[in-house]
Amino acid sequence: MDRIKVFFIVPTLYGGGAERITSYIPQYIDKDKFDVSLIIIGFEKDSTFNVSGVPIIFLNKTRVLKAPLALIKLFKKEKPQVVLSTLTHLNSLMGFMSIIFPKIKFIGRHCIVSRAANKYIKRSESLLSKLARLRTKLGYKFLDIVLCQSVDMRNDMLTNNFKVPKHKLRVINNPIRDNFDLKSLDGTHNRPLRLITVSRLVKVKGHSRLLNMLSKLQIPFHYSIVGDGSERENIFKQVADLGLEDKVEHVPYTNEVAKYLSKSDYYIMGSYAEGFPNCLLESCSVGTPVIAFEAPGGLNEIIENGVNGFLVSNENEFIQKLNVEKQWDPRIVRESVYKKFNTHKIARDYEKLFAELV
């Protein structure tokens, strides 16, 4: 039987969780059944993610909008049967590509609950920006499948401005990378309580409300904020205004996220909306439980109250959970996510989708 030819396309091999996960999954697709290649819009010199066992083609373009001609030539030459892209602007382009290549099945991997996130994303109201949003909306309508990482995201896609038809929507969760070492079992909290958040420093991630909450915490704590972004100045001004300079550490970037997670007692999340948060999965993978505010985006599919953390509805409840002297078993915290989101299971889900389409 001939193998199904699949292209995974990402803008770059650096950046956030969307690029990392979309470049990670192809490595675990069954090569006996699928002929898989990874297409990168950008440059090899910019790569920070390691990829093995998958052919990689770099188009060497500075922007997605400069890639259409190169992609058209590549599709004509290689004739993929399935093309999977990620991130909104690239998904939109692939939607329009589907008009030129009706025999190819195009899948757009969507990464955020748009309706909730839009409240915290500053959008330009210029004519060009409005036309760009219209282009995105139209491009999505031409995709064969819009792939969501959570049920919340699927429901959002049914009702937000995209209004993608129900029959085009699928849900496949993000996988957990399998190379995390389990933290030691000590059964007690450190003092001070060690807390961590790993994310971009943008409004939708809710660092501000976490800091407000922590300013009211009466027990000793140390909080590590890992990541960088446009809200950096505002966040650390707030740290100073609240008198938390001695309790908050900033790590703009690290290749050793797992080590920071392992040394923490809790991963804390203040997001108002999420995609399907990889760092939350990674925290549970090393055995560190999570406390998060309730928010759309799949948190309720990951967090099992009292098993691997807590979902809370307000600051007082958050503080109450931080004060609980609960002994967490890292093995149970890890198993709670591995049984649902292990790489083998998620890769098989992708394979079933590809086979269904072809």
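How many bridges pair strand β9 with β10, and in which sense, parallel or antiparallel? The views below come from a predicted model, and the first one takes up that pair.

**View 1. Strands β9 and β10 side by side.** β9, residues 221–226, pairs with β10 over four bridges, and the sense is parallel. Look for Tyr223, which sits opposite Val248 of β10. Helix α8 (residues 232–241) lies across both β9 and β10 and runs at about 160 degrees to β10.

**View 2. The whole six-stranded sheet.** Here the strands line up as β10-β9-β8-β11-β12-β13, an open sheet with parallel pairing. β10 (248–251) and β13 (309–312) are the edge strands; each has a single partner, so one side of each has no neighbour in the sheet. From one strand to the next, the twist averages 20 degrees.

**View 3. Inside the largest nonpolar core.** This core counts 53 residues, and Leu195, Leu214, Tyr223, Ile268, Phe318 and Leu322 have the most contacts inside it. Helix α10 (residues 278–286) supplies the largest share, five residues. Zoom in on Leu214: leaving aside residues up to four places away in sequence, it touches Leu195, Phe221, Tyr223, Ile268 and Leu322.

Note on methods. Residues are numbered from 1 along each chain as its sequence is written. This is a predicted model: local features need pLDDT of at least 70, side-chain atom pairs count only at pLDDT 80 or more; totals for chains, interfaces and linings use all residues. Side-chain values use heavy atoms; hydrogens and water are left out. A nonpolar core is a set of buried Ala, Val, Leu, Ile, Met, Phe, Trp, Tyr and Cys residues joined through side-chain atoms within 4.5 Å. Buried means under 20% relative accessible area, exposed over 50%, partly exposed in between (1.4 Å probe, protein chains only). Helices (H or I, at least four residues) and strands (E, at least two) are DSSP runs, numbered from the N terminus. Contact means heavy atoms within 4.5 Å. Two strands pair if DSSP finds at least two bridges between them. Axes are lines fitted to C-alpha atoms, for helices over the stretch in contact, and angles run from 0 to 180 degrees between N-to-C directions.
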